[in-house]
Amino acid sequence: PLFRYADCFVSAFADSRFSQLPRMTTSQKHRDFVAEPMGDKEVTALPGIGATLGARLADKGFDKAYVVLGQFLVLKKNEELFTDWMKGICTANAKYAGDCFRGLRDWCNAFL
């Protein structure tokens with residue numbers, strides 16, 4: 001009986017611990033972006049890029065998603081280089097820069 005009780009306790013503890021871990025899921029915006037060709041999408045179509053970051057990027061000449069894609073490719077699809085660039089050019093935080101990186105990486109995997 002004690003062994004069985006311990007199993008239940010460990011199981012309940014593990015379930016509560018793991019339910020609090022962040023889940024790596026993609027947003028609907030990410031799925032939409034990766035699902036179709038780049039075309040002439042606005043920079044705000046990129047995952048992680050909303051109106052504020054989009055305006056900052058546009059002010060620096062990165063007004064279209066394909067222009068940011070070009071920078072992504074110039075940086076050789078390197079996550080650290082790209083996210084550091086995003087942080088520097090538009091003050092994106094790590095989450096938004098990472099979302100944008102993953103969106104571009106997944107788009108490249110689907111279309112290049």
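## Where α4 meets α6

V68, L69, F72 and L73 of α4 touch C100, F101, L104, R105, W107 and C108 of α6, where contact means heavy atoms within 4.5 Å. Sorted by class, this contact has nine nonpolar residues, no polar ones and one charged residue. Here Ala, Val, Leu, Ile, Met, Phe, Trp, Tyr, Cys and Pro count as nonpolar, Asp, Glu, Lys and Arg as charged, and the others, Gly among them, as polar. Helices are DSSP runs of H or I with at least four residues, numbered from the N terminus.

Helix α4 covers residues 65-74 and helix α6 residues 94-111; their axes come within 11 Å and cross at roughly 85 degrees. That makes α4 roughly perpendicular to α6, a label used for angles of 65 to 115 degrees. The axes are lines fitted to C-alpha atoms over the stretch in contact, and angles run from 0 to 180 degrees between N-to-C directions.

## A word on the model

This is a predicted model, in which local features need pLDDT of at least 70 and side-chain atom pairs count only at pLDDT 80 or more, while totals for chains, interfaces and linings use all residues. Residues are numbered from 1 along each chain as its sequence is written, and side-chain values use heavy atoms, with hydrogens and water left out.

Now turn to α3 and α5, whose axes come within 9 Å and cross at roughly 85 degrees. These two helices are therefore roughly perpendicular to each other. On the α3 side the contact uses L53, R56 and L57, and on the α5 side W85, M86, I89 and C90. Six of the residues in this contact are nonpolar, none is polar and one is charged.

## The nonpolar core

The largest nonpolar core has 26 residues, and L46, L57, V68, F82, W85, M86 and L104 touch the most other members. Such a core is a set of buried Ala, Val, Leu, Ile, Met, Phe, Trp, Tyr and Cys residues joined through side-chain atoms within 4.5 Å. Buried means under 20% relative accessible area, exposed means over 50%, and partly exposed lies in between, using a 1.4 Å probe and protein chains only. At least two core residues come from each of α2 (28-34), α3 (51-59), α4, α5 (79-90) and α6. Helix α6 gives the most, with six residues.

Leaving aside residues up to four places away in sequence, L104 touches F33, M38, L46, V68, L69, F72 and F82. Another residue to look at is Q71, which lies in helix α4. Q71 is buried, with a relative accessible area of 19%. With the neighbors up to four places away in sequence not counted, Q71 touches F62 and W85.

## Salt bridges

Side chains of opposite charge can pair when their charged atoms come close. The structure holds six salt bridges, each defined by a side-chain nitrogen of Lys or Arg within 4 Å of a carboxyl oxygen of Asp or Glu. One of them joins K41 to E36, at 3.6 Å from N to O. K41 counts as buried at 13% relative accessibility, whereas E36 is partly exposed at 42%.

R102 is partly exposed, with a relative accessible area of 24%, and D99 is buried, at 17%. D106 and R105 also form a salt bridge, at 3.1 Å from N to O. Both partners count as partly exposed: D106 at 21% relative accessibility and R105 at 32%. Elsewhere, a network of salt bridges links D40, E42 and K64.

## Two loop residues with positive phi

Which residue sits in the loop between α4 and α5? That is the place of K77, which has a positive phi of about 55 degrees although it is not a glycine. K77 counts as partly exposed, at 43% relative accessibility.

T91 is found in the loop between α5 and α6. Its phi is also positive, near 55 degrees, and T91 is a residue other than glycine. At 52% relative accessibility, T91 counts as exposed.

Technical notes
Parallel < 35°, antiparallel > 145°, perpendicular 65-115°, else oblique.
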